Amino acid sequence: MAKLLRVLEREHCIGCYSCMQACSRTWFSALTCEKAALRVRNYTGVEGAFSIRVCYGCPNPDCAAACQTGALTARPGGGITFDPKKCAKCGDCARACVPKALQWDYEHNQPIPCRQCGVCVQFCPNGVLGMIDPDAPVTEATAKPAAVPAPTAAPAPAPAATPTKEAR
Amino acid sequence: MPAFRMMTIDLSTGRSEITDVSDLFAEYLGGTAVASKLLGEVPPDVGPHAPEAPIIFAIGPFSSIYPVATKTVALFRSPLNGQLGESHAGGRLALALYGAGIHVLRFVGKAPQLSYVVIEGDQVAIKRACSLQGMSALATERCLRDREDSDYKRSIVRIGPAGERGSPFAAVTVDASRHFGRLGLGAVMGGKNLKAFVVTGGHYWKLENKAAYNVFYKKIYDTVVKSPTMRKYHELGTPVNVLPLNKIHGLPTRNFSQGSFEGAAGISGEHFADKHLSQQIACAHCQVGCIHMATLREQFSAEEHHYKTFKVSYDHELVFAWGSNLSISSSDDLLALLLVCEKQGWDSISMGVTLAWAVDAFIHGFIGPKETDGLILDFGDAATYKKVLKRIIAGHNEFYRDLEQGSAYCSRKYGGGDYAIAFGNNEAAGYVTGLHAFLGYATGVRHSHLDSAGYSADQSYLQQPKTDEELTKGIYKEAVWRMIPNSLVVCLFARNVYAKEIILEGLNALGFTGWTEDRLMSLARRAHAMKNRYRIDRGFKWSELKLPGRLLRTATSTGHLTNERFAAEVARYQGLAEADIKEFAL
């Protein structure tokens with residue numbers, strides 16, 4: 001079974017965003033946290049609680065079910081594959097993801113699918129994230145970061161359109 | 001080559017303008033050096049509260065690009081002393097400014113009514129905020145977070161009621177309890193009717209040289225995550241200093257009259273971690289997480305089981321200012337007082353040290369029950385301190401309104417100057433380690449312990465004695481060098497991570513070629529000299545630097561001080577500073 005990304009220790013998060021920076025630069029060559037396929041969400045004020053929304057690689061993903069054009073499809077082993085050529089840029093996929101884990105690229109007006117590569121795990125200083133075999137019991141050994149494959153081509157740029165704020 | 005842009009917002013006219021300032025960054029690197037150049041162009045007759053007086057926020061070439069480059073620099077003319085106002089804050093502001101595609105944000109003018117500003121990329125909206133009038137710094141953030149949604153990470157920067165009232169040591173709060181604390185930026189914002197601003201945007205630099213960048217990034221990341229020197233900031237945080245400082249008689253106690261506090265164990269980093277620490281959090285793109293959040297649970301109904309729980313951040317400076325220096329040994333009392341400061345938006349060091357002055361002034365008869373309207377001020381009396389703060393907030397009488405003007409102001413009006421522990425009107429930070437801590441506060445361009453770390457020089461003396469001359473030259477050198485981390489802008493906690501050769505490697509990996517060690521050093525000296533020129537042109541006089549009388553009677557970590565020794569080292573420091581001003585023909 002392929003390994004999938006999981007939030008292992010949400011309460012360990014300090015909110016440094018290194019995971020998002022790593023994802024953005026690896027897959028988009030973008031020096032930002034905004035291109036990441038995951039989000040560390042902040043909540044108001046000094047309370048300092050974080051909620052980490054990552055793609056859990058659902059076996060029957062709501063995002064793919066919501067896609068009317070076949071751009072997003074369920075991937076064997078969990079997660080999704082994305083064909084930007086088929087994308088209608090409607091934002092239905094991102095809205096369908098209940099935990100708001102599927103991110104939206106406002107520059108290219110299309111979703112940012114998680115490749116389940118684990119680069120975010122490698123740049124988490126506190127063991128918040130891990131790549132695990134979802135069918136295996138979670139142990140210390142299975143929670144270790146996986147190796148990161150070389151990125152394949154990033155999603156093709158698309159003409160700008162009005163961002164769908166509700167998608168976030 | 002990535003570009004640098006400046007946004008200027010005129011609050012009087014509502015107009016905003018974006019200009020390319022890449023040339024300025026090519027010459028001055030960024031952050032504090034760029035902001036000093038811009039602030040220096042404002043004529044000296046423009047006072048701190050003149051509408052045309054700018055507030056300049058600046059980030060640098062490393063901001064949001066490399067680990068721990070988290071700070072934003074703010075420059076302004078200080079209402080506390082009329083000289084250089086400079087303060088730095090973390091949080092998400094540097095990330096948000098970078099995301100908005102601006103490296104310098106400049107506010108000028110004065111809004112016609114209380115307002116807040118929303119900056120989303122190039123778009124600027126100035127909105128009425130009369131419904132936020134008098135709202136605490138914490139509630140303001142909650143309201144704006146609800147109201148101003150964004151597709152991107154945001155930073156929310158605001159003042160509390162203290163800034164609206166014009167307290168010259170009012171702070172500006174950034175996101176989750178980070179602050180532009182010192183020298184009164186909050187009052188300048190308040191004077192401009194600027195209650196808050198929100199910054200956001202999706203701009204970014206494209207990664208051009210991926211191989212060089214990734215190698216460099218990983219090296220810095222690993223150093224930050226694994227180095228023992230950084231780990232201490234995450235573990236106990238800066239309050240790790242409380243017990244060691246106490247042991248060497250360097251912890252300010254009862255208004256700097258002593259360097260050791262019998263109740264230190266109750267306010268130590270270890271105690272806070274055991275009893276209150278709920279979590280550590282980080283500024284955006286910092287893997288250290290030095291922000292320590294304390295939780296305090298209080299029962300507010302004795303008859304029923306009604307409880308409230310609040311969180312407030314703490315660090316060494318807050319622990320000294322509201323703990324040992326007021327003889328408070330209960331961490332519960334300390335945190336409750338800190339929360340009032342957070343909500344009001346005062347600089348916690350200045351308010352705490354001013355309160356310590358008031359206690360001494362009361363004990364020594366400069367003020368009495370007539371001024372305090374019946375309250376008896378004494379060290380260690382947290383219940384009365386809470387009443388004092390309430391009366392300041394309510395503007396109870398002239399004395400209480402004066403208290404939020406600072407210890408220097410109060411001592412000029414009521415007497416007790418010996419007990420006003422302030423340099424350049426800026427209340428002193430948490431060290432009584434010896435001559436060079438105080439020399440650093442006095443001579444520093446922003447009268448801060450962070451200017452030259454004189455407290456560190458004193459402690460090095462305990463390890464290996466040096467002459468006053470050697471230590472003075474050492475802190476001058478440190479003050480000059482800090483212009484570079486403050487221009488990049490990296491957090492000073494990570495100053496040892498970013499050594500000269502590392503900085504050059506990082507600049508090269510981004511395509512900023514042409515920098516050398518010599519050029520960095522020359523810029524550091526020039527930027528430092530520009531700041532000294534600025535304050536000298538606005539009334540700063542080396543000859544007016546004095547030790548408050550109290551400090552002549554305090555046994556510091558390195559012994560008692562004399563006026564003669566202090567004056568001799570001020571003169572030496574002045575000589576070094578003037579030589580740089582002359583060399584750069586400023």
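Student: How many helices and strands are there in chain B?

Tutor: This is a predicted model. In it, chain B holds 25 helices and 18 strands.

Student: What radius of gyration does chain B have, and what would a compact globule have?

Tutor: A compact globule of 586 residues would have a radius of gyration near 25 Å, and chain B has 23 Å, so the two agree. Along the principal axes, the C-alpha atoms of chain B fill a box of roughly 65 × 60 × 50 Å.

Student: What percentage of the residues of chain B count as buried?

Tutor: A residue is buried if 20 or more other C-beta atoms lie within 10 Å of its own. By that cut-off, 59% of the 586 residues of chain B are buried.

Student: Which share of contacts in chain B join residues at least 24 apart?

Tutor: Take the contacts between residues at least 6 apart in sequence; 69% of these join residues at least 24 apart.

Student: How many residues does the contact take from chain A and from chain B?

Tutor: Chain A gives 25 residues and chain B gives 33 residues. On the side of chain A, α1 (18–28) and β2 (30–31) each supply at least two residues.

Student: Which strand of chain B is joined to β2(A), and by how many bridges?

Tutor: Two strands pair if at least two bridges are found between them. Here 2 bridges join β2(A) to β13 (residues 205–206) of chain B, and the strands run antiparallel. Within this pairing, Ala30(A) stands opposite Lys206(B).

Key. Residues numbered from 1 in each chain as written. Chains lettered and ligands numbered in written order. Predicted model: local features only at pLDDT ≥ 70, side-chain atom pairs only at ≥ 80, totals over all residues. Contact = placed C-beta atoms within 7 Å. Helix = DSSP H or I, 4+ residues; strand = E, 2+ residues; numbered from the N terminus. Rg over C-alpha atoms; globule rule 2.2 N^0.38 Å. Buried ≥ 20, exposed ≤ 12 C-beta atoms within 10 Å, placed from the backbone.
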